Amino acid sequence: MLPPFGAELPEWDATQSRVLDAADELIRRRGVGGVTIAELSRRSGLSRPTVYRSWSDADDVVRSALLRRVIRILASFETPASTRAGLVDDVLRFSARFRSDAVYGRLLDDEPEAFTRYTLQRVGSSQRMILAWLATAIAAAQEDGSVRQGAPQEIAVMLLLIAQSAVLSHGTVTELIDEEAWERELRAALDGHLRP
């Protein structure tokens, strides 16, 4: 169970979960362009009206599927970090899990424009969930004295931007910087942003 990081967790019932499972499969196999209400209905074994009862269109389903995957990644962290070092470690672990996720990894590798549209063009539910997680850890690390003072939510926004930019650009810089150096430099950027 995801700890109460300060963001309300959505819940999906068994029927909705079947649709989201179908969306995951379609994104992995065909990309977001392959996600249509007709295909979601066919793959989930549910009628189109049943799908429309929960979502307005295929784009809405994709956003819910991506949010569910973020929640699962966050749930793999048992408790928020409470020190700067722990927070930086967690952001790097989150980035690695995010990049290796079957759906997000597919978008990053094959459809960076779709990744940008769904994760960077507006602050949606997934980003708000991550920001709540980060802000909780930042506040705890401020109490510890290892993170600079300031509004945790504001610091979290820039921390997320740094990590998102690094993750999105990872594939384009592999000829310039190896994995070890990429992680080292991202660690330095995150630590520098948080340091008192």
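**Exercise 1.** Find how many aromatic pairs a search of the whole structure gives, and classify the pair F94 and W133.

*Solution.* Step 1: the search of the whole structure finds six aromatic pairs. The model is predicted; local features need pLDDT of at least 70, side-chain atom pairs count only at pLDDT 80 or more, and totals for chains, interfaces and linings use all residues. Residues are numbered from 1 along each chain as its sequence is written, and side-chain values use heavy atoms, with hydrogens and water left out.

Step 2: rings of Phe, Tyr and Trp (its six-membered ring) pair if their centres lie within 6.5 Å; planes under 30 degrees apart count as stacked, over 60 as edge-to-face and the rest as tilted.

Step 3: F94 and W133 are 5.6 Å apart centre to centre, with 40° between the planes, and the pair is tilted. It links distant parts of the chain, with F94 in helix α5 and W133 in helix α8, 39 residues apart. Helices are DSSP runs (H or I, at least four residues), numbered from the N terminus.

Step 4: F94 and W133 are both buried, that is, under 20% relative accessible area with a 1.4 Å probe, protein chains only.

**Exercise 2.** Explain why the pair F98 and F115 is edge-to-face, and name the aromatic cluster that holds F98 and F115.

*Solution.* Step 1: the ring centres of F98 and F115 are 5.8 Å apart and the planes stand at 75°, so the pair is edge-to-face.

Step 2: F98 lies in helix α5 and F115 in helix α7, 17 residues apart, so this pair too links distant parts of the chain. F98 and F115 are buried.

Step 3: one aromatic cluster is formed by F77, F94, F98, Y104, F115 and W133.

**Exercise 3.** Describe the largest cavity by its volume and its lining.

*Solution.* Step 1: on a 1 Å grid over the protein atoms alone, a cavity is a set of points where a 1.4 Å probe fits but cannot get out; lining residues have an atom within 4 Å of a point.

Step 2: the volume of the largest cavity is about 180 Å³. Of its 18 lining residues, F94, I130, L160, A163 and Q164 are the closest to the centre.

Step 3: the elements giving two or more residues to this lining are α5 (84-100), α7 (112-119), α8 (125-144) and α9 (152-169).

Step 4: the lining has 13 nonpolar, five polar and no charged residues. Ala, Val, Leu, Ile, Met, Phe, Trp, Tyr, Cys and Pro count as nonpolar, Asp, Glu, Lys and Arg as charged, and the others, Gly among them, as polar.

Technical notes
1 Å grid on protein atoms, 1.4 Å probe; cavity = no way out; pocket = protein on both sides within 12 Å on 5 of 7 lines; lining within 4 Å. Points joined across faces, edges and corners; volume = space filled by probe spheres on them. Buried < 20%, exposed > 50% of the residue type's maximum accessible area, 1.4 Å probe, protein only.
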